[in-house]
Amino acid sequence: MDQFDKNPKEILNNIKQLLSIGAQDRKHAFHTPIFSNNSDNNSINSRVVVLRKFNEENFTLSFNTDYRSPKIIDLKKNNLSNFVFYDSKIKVQLRIKTITTVHHNNDVTKEAWEQTRLFSRKCYLTQKAPSSITAIPEDGISKHLKGIDPLLTESEQGYKNFTVIKNLIQEIDWLYLASSGHRRLKISLKNKTKFDWLIP
């Protein structure tokens, strides 16, 4: 049997492993997937996010963002979203359909905030909201914090802007690229796990 013609359950287990590593290893290709959602004007917005957590039991992917970001309004109106992961070394692409839940100022965000380091907390101390128009190129961080981390007490001011975006996986489209022949598998997780081989 070709090494790429794996048992679908083995492929799913491998996907879980890759997502778990991606959430923990900042150098892994799966640490920074592309996240897409529909905007208010019915266009699609995509951006690179940092995968902070993969919950294998609940099949959820989580990343953090600023509550003032325009995507918060969009996700509250339409919670259908997508992730794209790609690792050029192993030539595996994942397209994952998800349902998004926005967490702000609750137990989920409190737990994640406690695990957020100071240099990451600084991102939530910007004086202006993300996507704000500015007269000059700037990041919105106060001048006294340029090049340094905030004090722990000062960093707490950013909690009001801190948000966890939790995404429930509905479907995974797994694609393996190989000169000997590509392989593609659709994994549906909506009710019970269902596998379908697809033509790449």
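## Ground rules

A salt bridge here is a side-chain nitrogen of Lys or Arg within 4 Å of a carboxyl oxygen of Asp or Glu. The structure is a predicted model, in which local features need pLDDT of at least 70 and side-chain atom pairs count only at pLDDT 80 or more, while totals for chains, interfaces and linings use all residues. Residues are numbered from 1 along each chain as its sequence is written, and side-chain values use heavy atoms, with hydrogens and water left out.

## Overall layout

Let's start with the fold. The protein has five helices and nine strands, where helices (H or I, at least four residues) and strands (E, at least two) are DSSP runs numbered from the N terminus. Following the sequence, the order is α-β-β-β-β-α-β-β-α-α-α-β-β-β.

The C-alpha trace spans about 60 × 35 × 35 Å along its principal axes. Of the 200 residues, 42% count as buried; buried means under 20% relative accessible area, exposed over 50%, and partly exposed in between (1.4 Å probe, protein chains only).

## Salt bridges

Side chains of opposite charge can pair when their charged atoms come close.

K128 is partly exposed at 39% relative accessibility, and E138 is partly exposed at 40%. Further along, D196 pairs with K194 at 2.6 Å, N to O; D196 is partly exposed at 24%, as is K194 at 44%. Finally, R95, D173 and R184 are linked in a network of salt bridges.

## The largest pocket

Rolling a probe the size of a water molecule over the atoms shows where empty space is left. On a 1 Å grid over the protein atoms alone, a pocket is an open set of points where a 1.4 Å probe fits, with protein on both sides within 12 Å along at least five of seven lines; lining residues have an atom within 4 Å of a point. A volume is the space filled by probe spheres set on the points, which are joined across faces, edges and corners.

At least two lining residues each come from helix 1 (8-24), strand 4 (60-66), helix 3 (107-114), helix 4 (118-121) and strand 7 (162-176). Helix 3 gives the most, with three residues. By class, the lining has six nonpolar, seven polar and seven charged residues; Ala, Val, Leu, Ile, Met, Phe, Trp, Tyr, Cys and Pro count as nonpolar, Asp, Glu, Lys and Arg as charged, and the others, Gly among them, as polar.

## The second largest pocket

The second largest pocket has a volume of about 300 Å³. Of its 14 lining residues, V50, R52, N64, T65 and Y124 are the closest to the centre. Strand 2 (44-48) and strand 4 each supply at least two residues, and the largest share, four residues, comes from strand 4. The classes here are six nonpolar, four polar and four charged.

## A nonpolar surface patch

I34, V48 and V84 make a nonpolar surface patch of about 220 Å². Such a patch joins nonpolar side chains (Val, Leu, Ile, Met, Phe, Trp, Tyr) within 5 Å, using residues with over 30% relative accessible area and no salt bridge. Accessible areas come from the Shrake-Rupley method with a 1.4 Å probe, and for residues, only the protein chains shown count as cover.

I34 belongs to strand 1 (residues 34-38) and is partly exposed, with a relative accessible area of 37%. V84 is in strand 5 (residues 80-87) and counts as partly exposed at 30%. Between V84 and F63 there are 21 residues in sequence and 14 Å in space, C-alpha to C-alpha.

Methods
Patches are made of residues with over 30% relative accessible area and no salt bridge: like charges are joined within 9 Å, nonpolar side chains (Val, Leu, Ile, Met, Phe, Trp, Tyr) within 5 Å.
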